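Trainee: Please take me through one part of this model in detail. I would like the open sheet, strand by strand.

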Amino acid sequence: MGRALRVGIVVLPVGFVLWYASYYTTIAVWELRKLFAWFALPLLAAAAVLVGRLLVGWLRRRAGHGTGGGDTAVVLGCLGAVVGLGLTVGWLVYGSYLQDRAYMATAQVVTEPVPALAARVPYVAGKAQAAPHLGDVTGEISDITYLPDSDRFATLVERRGWLAGYEVGLVQDVPLGGESRSQERCPFDVSRADARISGWFTHNLGRKISAERRWVRFEADDAYVTCSNGTPVVVVPLKRQTGILVVTERPAGVALYDGRTGKLTVTTDTAAVPGPSYPISLAARQREGTAAVGGFSDWWFERSGWDASEDGANEGNESEFTLRYGEEPGRSAYVTPLTPQGEASSVVAVSTVPTRHQGGGLAPMTVHRLDPAWSSPKALVALIKAEYRDVCCYNDDQVFEVVPTGGGTWTATVGSEQNVRYRVEGKGQVGGREATCLKAADGALIRCAYVVPGSPEEQELARREQQKRQQADAKPPGDPGDLTGYTNEQLAELQRRMTEEIGRRLKTG
């Protein structure tokens, strides 16, 4: 009884501390679970060899041969080491393939065109315009996120200091054309809502989330802020682990942190969340899993699947563009242009993953194969500079974000970080060249370097040309028309007649 009491005095407090420290135990369980998945098979093999060694020893003792058999022990030891090493290396490789296959479970590869997507201000421009509109805020920007539902950019600002939370949330319009630049600043109540992601001690928002719901984690880059009637709300999409030998992640709802009251709510009902509820990091992991679209040998030699287009044109935001569906209000997706694995840089496919998803499974991912394919974003930028050199690129102007906008078309925005002036829309190789049209930032057509036959742009240009001819035919009698078409002799004759007419009118008064 005394021994049990002494053991209980030690074990119970330790167990209580471990249970109370939910944040650290969650991290430890996540990391240990991943390690166990990688080394479970080799450990089982080592255990099998050890059991075999013990069984051989027991059989020798039973047969009256004593505990000798040094040669047998050496052979079994070497065999176990070789088998264990081989299983370790093999499982590390094949386990990675199985993990990619698990993330490909909901993927579909189709040849249908990408649904119509709405253009938006480039993320780089939205990021650049956050700091100038913060006013007298003294904190530091920790996150900038595009909110597709409201077509606005949200900025989350940390308060300075170790034992501090967030200072303010800023939600602003960054128009693609138009003059509206409305903004809303919603300050945090620093005395009641004093926690932030990666904060210290009790000011750690991750600790509060683990205390509310254990065994779920999140990525800091997935979190963002929204303003609701002047109240800032930090939205943190959550993830959970599944599997034993192949451990993968799944969505686990969201955590909502009220910036006025400090109240934390964890829920799996994400329908009312005013922004993306599906973790963008999980969408990126699903996209990376497309490498396993073929067999193991294709995966090992990188002969299948796609990579995100890491071209310099999209520097600062190369994948998972958050875009709205043009014809389906309230729906949006993480969209990524894809290139083949290897040295090819042309964009041959586009992946889409919805930004909202109900349930605990992976969101459906669709890979749209492009036909025809696009040139690389870097080549498209060079094409834009060559075909529209009168508008690109002077002073601080540059080409931003070559992104998919549906139907096999792409859109690039032209301007500076503080003022987007134009956009260029194009389609893949048509008749041996890229078809591109220059438009104002608000979408008004200006001109085309090469137009797709039968496209709305071609019809609009034809309508303008017809209108121009009608106006020319409707000129008043005697209108000399466009003088650039006259020969030198015709101009001289016209000048002679004009001089005679002026002289005649002066004589007659």
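Mentor: β7 and β8 pair in the antiparallel sense over nine bridges. Strands here are DSSP runs of E, at least two residues, and helices are runs of H or I, at least four residues, numbered from the N terminus. Two strands pair if DSSP finds at least two bridges between them. The model is predicted: local features need pLDDT of at least 70, side-chain atom pairs count only at pLDDT 80 or more, and totals for chains, interfaces and linings use all residues. Residues are numbered from 1 along each chain as its sequence is written, and side-chain values use heavy atoms, without hydrogens and water.

Val233 has Asp258 in β8 as its bridge partner. Five residues separate β7 and β8 in a hairpin. In that turn, Gly243 has a positive phi of about 90 degrees.

On to β6. β6 joins β7 through five antiparallel bridges. Cys227 stands opposite Pro232 in β7. This hairpin has two residues between its strands, and Asn229 in the turn has a positive phi of about 55 degrees.

Four bridges link β8 (residues 248–258) to β9, again antiparallel. Ala255 is bridged to Val266 in β9.

Together the four strands make an open sheet in the order β6-β7-β8-β9. β6 (224–228) and β9 (264–267) are the edges; each has a single partner strand, so one side of each lacks a neighbour in the sheet. The twist averages 30 degrees from one strand to the next.

In β7, 11 of the 12 residues are buried, meaning under 20% relative accessible area with a 1.4 Å probe, protein chains only.

Terms used. Axes fitted to C-alpha atoms, helices over the stretch in contact; angles between N-to-C directions. Buried < 20%, exposed > 50% of the residue type's maximum accessible area, 1.4 Å probe, protein only.
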